[in-house]
Amino acid sequence: MDTSIEMTEPAPVAIPVVGRGLLVKPAGMSDRAVAWLFITPTIVLLLAINIFPLLWTIYMSFTNFKANMGWVKYRSVGTENYADILGDLDIWTAMQTTAHFVFWSILFEVLIGFGLALLINRKFRGHSLWTTVILLPMMLSPAVVGNFWTFLFQPQIGLFNYIVGFFSGVDPGSFQMIGDVNLAPWTIVLVDTWMWTP
């Protein structure tokens, strides 16, 4: 009588993982193919949402299309729109203002941000608290930040004018950070730097 037991390899069993479904790879698919299977819908969605409108806008910029007059049949006008825009002094003034904002904001944010990064990279007492305090402005809503700084910049009751007046001896009500044409661009740079330096 033969008492030996024939050993066979057990069939693979799918292991259920809570929240992830079953860890079963489709037969015949490599890891790369599975990765592409999951990534492809996202890529297609991004192309549909971002790239197609960009290309369509560039195409429409060479026509006489006006969004508020959609019923008018549009036609190609070549580079006429670009010639109009680049020949307009108001556009160049706006571009100069934007360049001023971008240059100073990025300069201050990089320098101060690098300094803060070096600071919180060191371990010291209260490290976690100060890291949270430094990162807090970035987590606030832009609407909240706008209202917060508008209150601070009030010429009569604002804390900012009071501090400047205290250290410089200038009357706090004698200048308006938001209302002055020369100070307003620097005000925007200051607020943007405070919010996005983290």
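## Ground rules

Because the model is predicted, local features need pLDDT of at least 70 and side-chain atom pairs count only at pLDDT 80 or more, while totals for chains, interfaces and linings use all residues. Residues are numbered from 1 along each chain as its sequence is written, and side-chain values use heavy atoms, with hydrogens and water left out.

## The overall picture

The chain has seven helices and two strands (DSSP runs: H or I of at least four residues for helices, E of at least two for strands, numbered from the N terminus). Reading from the N terminus, the order is β-β-α-α-α-α-α-α-α.

Of the 198 residues, 15% are buried (under 20% relative accessible area, 1.4 Å probe, protein chains only).

## α3 against α7

The axes of these two, α3 and α7, come within 9 Å and cross at roughly 35° (lines fitted to C-alpha atoms over the stretch in contact, with angles from 0 to 180 degrees between N-to-C directions). Residues in contact (heavy atoms within 4.5 Å) include Phe-101, Trp-104 and Phe-108 from α3, and Trp-186, Ile-188 and Trp-196 from α7.

## Helix α4

Helix α4 covers residues 127–139, and its end C-alpha atoms sit 19 Å apart, which agrees with the 18 Å that 13 residues should span at 1.5 Å a residue (1.5 Å times one less than the number of residues).

Its buried residues are His-127, Thr-131, Ile-134 and Pro-137. What covers them includes α3 (89–121) and α7 (184–196).

Terms used: Buried means under 20% relative accessible area, exposed over 50%, partly exposed in between (1.4 Å probe, protein chains only).
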